[in-house]
Amino acid sequence: MTRTTRLLPPVILGIVALVAVAYLVPFMRFVLTIALAKAMAVMGILLLLRAGQVSFGHALYIVMAAYTVAFAGQVSALADLVILLPLGMLASGVLGLVVGLFVTRYREIFFGMLNLAFSMVFYSVLEKAYHITKGTDGIRVGQPSVAFMMLARDQYEWVMFATAIGLVLAAGLFCHRYLQSPAGQALSAIKTRETRLEFAGLSARHALLLAYVLSATLAGAGGAIIAMTTRHVTPLLGYWTASGELVFSAILGGAGSVLGPVLGAVAFESVRVYAAAAFPNAWQMIMGVALLALILFASRGIWGIYEDSMARATRR
C-alpha cells in the first residue's frame with residue numbers, strides 16, 4: 001500500500017465528518033470554512049518547515065489576498081468567486097516572490113524575524129492609510145456571484161464551504177506530490193545539509209524561493225476564501241498574532257503529513273470557538289496549556305498521534 005493510498009481513509013472520513021458537523025450544527029459551517037481556509041496557509045508553513053525554516057509573518061499573504069478581494073469586489077465585472085479567488089492567489093504569489101527574493105537569503109531565526117518585520121510593516125500601512133483601507137474599521141466585502149449567478153445566503157454559505165473543501169483537497173494533493181518531487185526533496189536537504197545540495201549543483205536559494213512563493217500562494221487562497229466568507233476585512237488579518245496562530249496550528253496538527261495542517265487548523269478554530277464561549281477571559285491560557293502538553297507528550301502533533309495509534313493497531 002502506497003503512502004498516498006494510506007491517506008485515503010482518513011481523508012474520506014474527515015470529509016464526511018466535516019459535512020456532517022456543518023449540516024447538524026449550522027453555525028459551525030462558517031467556523032469550518034474559516035478553518036479550512038487557514039489550513040491552506042498552514043500547508044504553506046509546512047513547506048517551509050520541511051526546509052527547517054519557520055515564517056512568523058505568513059498572515060501577510062492572507063491579508064494581501066483579502067484586501068485584493070475587497071478592492072476587486074467593488075468592480076462589478078470582477079465581483080465573482082471564480083475571478084476573485086485567482087486574483088487573491090495571484091496577488092499573494094507576486095508579493096511572496098518580491099519578499100522571498102530578500103528573505104530566502106537568510107536562515108533560521110533571521111528568516112522568521114524578517115518575515116515578521118515585513119508583515120508588521122504591511123499591517124502598519126493598512127492601518128494608517130485610512131483614506132484607502134478605512135484603517136481598523138476595515139472594508140465590507142459584498143457577496144460575490146458564483147459563476148455569475150447570485151445565490152441566497154444559505155446557498156452561498158454552502159458553496160463557500162464546498163469550495164474550501166475542494167481547495168484544501170487540491171492543495172493537499174499538490175503539496176503531497178510536490179514534497180515527493182526532486183524540488184520537494186531539496187527542501188529536506190536544506191534542512192539537513194545545505195552545503196551538500198550546493199555541491200550537487202542545485203541552488204538551495206532557488207529551491208527555497210520556489211517553496212516560499214508556493215506557500216504565499218496557498219495562503220492567498222485562504223485569504224480570498226476568508227474575505228468572501230466573513231465579507232469584511234481588516235488589518236488584523238495580518239497582525240503578528242494571526243501569523244502565530246498559523247505556526248500554532250502547524251505544530252498542533254503535526255508536520256509529518258499534509259493532513260497535519262488541516263487537523264491543526266480545524267482543531268484550533270473549533271477549540272477556540274467553544275473555549276472563548278465557555279471561558280471568555282481565559283481561552284488563550286487554555287490554548288497555551290494545550291500547546292505545552294502537546295509539545296511535551298505528543299511532539300508529532302495530532303497526525304503523529306493518529307500514526308502511532310494505527311501502528312499499534314497493526315501490530316496487534
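Me: How many positive and negative side chains does the protein have, and how far apart do the centres of the two sets lie?
Reply: There are 22 positive and 12 negative side chains, with the centres of the two sets 7 Å apart. Lys and Arg count as positive, Asp and Glu as negative, while His and the chain ends are not counted. Each charge is placed at NZ of Lys, CZ of Arg, CG of Asp or CD of Glu.

Me: What are the ground rules for the model?
Reply: This is a predicted model, in which local features need pLDDT of at least 70 and side-chain atom pairs count only at pLDDT 80 or more, whereas totals for chains, interfaces and linings use all residues. Residues are numbered from 1 along each chain as its sequence is written, and side-chain values use heavy atoms, leaving out hydrogens and water.

Me: Which secondary structure does the protein have?
Reply: The protein has 13 helices and two strands, taken as DSSP runs (helices H or I, at least four residues; strands E, at least two) numbered from the N terminus.

Me: Changing topic: is Ser 243 buried or exposed?
Reply: Ser 243 is buried, at 0% relative accessible area; buried means under 20%, exposed over 50% and partly exposed in between, with a 1.4 Å probe and protein chains only. Of the 316 residues in the protein, 48% are buried.

Me: Where does Ser 243 lie, and what does it touch?
Reply: Ser 243 lies in helix H10, residues 240-253. Leaving aside residues up to four places away in sequence, Ser 243 touches Phe 56, Gly 57, His 58 and Ala 59, a contact being heavy atoms within 4.5 Å.
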